[in-house]
Amino acid sequence: MAFIGVDLHQNSFTVCRREAGGTESFETYQLARADLDRFCATLDADDEIAVEATGNSAWFRDEVAPCVGRVAVVNPRQFQVIRKSVSKTDRNDARALALFLSKDMLPETRLKSKAETELGSPVHTRDLLVKQRTRLLNKIHALFNRHGVKLKKEGLASKRRLLALEIERFSALEQVELRVVRDQALSLTAAIADLDAEIRTAAQGLDGFDSLVSIKGIGPRAAAVFLSGIGKVDDFESADKLAAYLGIVPRVSQSNETDNRGRITKRGNKLMRTTLVQCTLIAIRYSGYLNAYYRRIRERRGSGKAIIATARKFLGIIYNTLKNKWVFEDFTSFKIANGPITAGQSS
């Protein structure tokens, strides 16, 4: 059995093979089919491989996984040995991965299914397009405001309102700019609508979709964000573990008798965290339980901390819903369609 560290690049990869006795050997391969097959031929069924998570690490993992006993994909943000090395070379990076793999001390990133990974890409592309459209609409608003004409920003989201803008009052140069910006915003709106349709279709094919959309406040697009971001809910031992994964838990700094707790870590998926807060704002309008919890926290700690605390509580409901495959018949009264709620659930 050997522990193999792989420093993976776009066109090559360097390998450190660490034998059980501690001896090491190195080799660099080109990231081409011939060299990849040659590398796989050197592997044994009980070998273990460690590779840092990069843009092509999932593909590399799938290529070599049938040849070895285990492939560990390492979270580079948590594995600081490579990032902070004073002698950062391909060989040293591969050696560090092999060494820590042999000690079983590597922080692994979670593996998702192909369908979940594929869904995650258009979900984030949609978020990117929405932000680009918002910048363009803000530009239109600023141009009108410069001439003393105040527009309602929310009205600019309407295709009819955009086409009805009176741009003839501006100079010739400004008219060209407004037409270009407006047309780009309309084009993005059409592209976002196309993505929404495809995202919904893809999300419907994943386990847990019907469960999530039965929760008041979660629509098809938000369900797609959660399903692609969470992956297998069984990977998380508890709702607290999922909250930590999303970065919606407070920072903790303990030393001797000092115990400081600060703002949330925000270390997880930003889009999923933002979507969770948005869904929570809707859910508290329909759920008496969440609404009462939100108001109780708000009275003591303010609305900002109250919505974060309620979002974490709402995440607990999402966790248990996915874990137990609940489908709500009536979320407002917490009545599920497929049987009674299991005793002892955190939600």
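## Buried cysteines and nonpolar cores in a predicted model

Cys40 has a relative accessible area of 16% and is therefore buried. This residue belongs to a predicted model, and the structure contains zero disulfides. The cysteine sulfur closest to that of Cys40 is in Cys67, at 3.9 Å, which is too far for a bond. A disulfide would require the two sulfur atoms to lie within 2.5 Å.

| Residue | Relative accessible area | Class |
|---|---|---|
| Cys40 | 16% | buried |
| Phe79 | 4% | buried |
| Cys279 | 4% | buried |

**Overall architecture.** The protein is built from 13 helices and nine strands. Its C-alpha atoms fill a box of roughly 75 × 60 × 45 Å along the principal axes. Of its 347 residues, 40% count as buried. The accessible surface comes to about 19,300 Å², and carbon and sulfur atoms account for 49% of that area. Where contacts join residues at least 6 apart in sequence, 55% of them link residues at least 24 apart. The protein carries 55 positive and 40 negative charges, whose mean positions are 11 Å apart.

In soluble globular proteins, nonpolar side chains tend to be buried together. The largest nonpolar core here has 51 residues, and Ile218, Phe226, Phe314 and Ile318 have the most contacts inside it. Among the elements that give two or more residues to this core are α5 (114-146), α7 (172-204), α9 (220-230), α11 (270-283) and α13 (303-324). The largest share, nine residues, comes from α13. Apart from this core lies another, of 18 residues, including Ala2, Val6, Leu36 and Val73.

Leaving aside residues up to four places away in sequence, Phe226 touches Leu212, Ile218, Gly231, Met272, Thr275, Leu276, Cys279 and Ile318.

**The setting of Phe79.** Phe79 lies in the loop between β5 (70-74) and α3 (80-83). Beyond residues up to four places away in sequence, Phe79 touches Val74, Ala96, Leu97, Phe100, Leu106 and Pro107. The C-alpha atoms of Phe79 and Glu108 are separated by 9.0 Å, although the two residues are 29 apart along the chain.

Conventions: Residues are numbered from 1 along each chain as its sequence is written. This is a predicted model: local features need pLDDT of at least 70, side-chain atom pairs count only at pLDDT 80 or more; totals for chains, interfaces and linings use all residues. Side-chain values use heavy atoms; hydrogens and water are left out. Helices (H or I, at least four residues) and strands (E, at least two) are DSSP runs, numbered from the N terminus. Buried means under 20% relative accessible area, exposed over 50%, partly exposed in between (1.4 Å probe, protein chains only). Contact means heavy atoms within 4.5 Å. Accessible areas come from the Shrake-Rupley method with a 1.4 Å probe; for residues, only the protein chains shown count as cover. Lys and Arg count as positive and Asp and Glu as negative; His and the chain ends are not counted. The place of a charge is taken as NZ of Lys, CZ of Arg, CG of Asp or CD of Glu. A nonpolar core is a set of buried Ala, Val, Leu, Ile, Met, Phe, Trp, Tyr and Cys residues joined through side-chain atoms within 4.5 Å.
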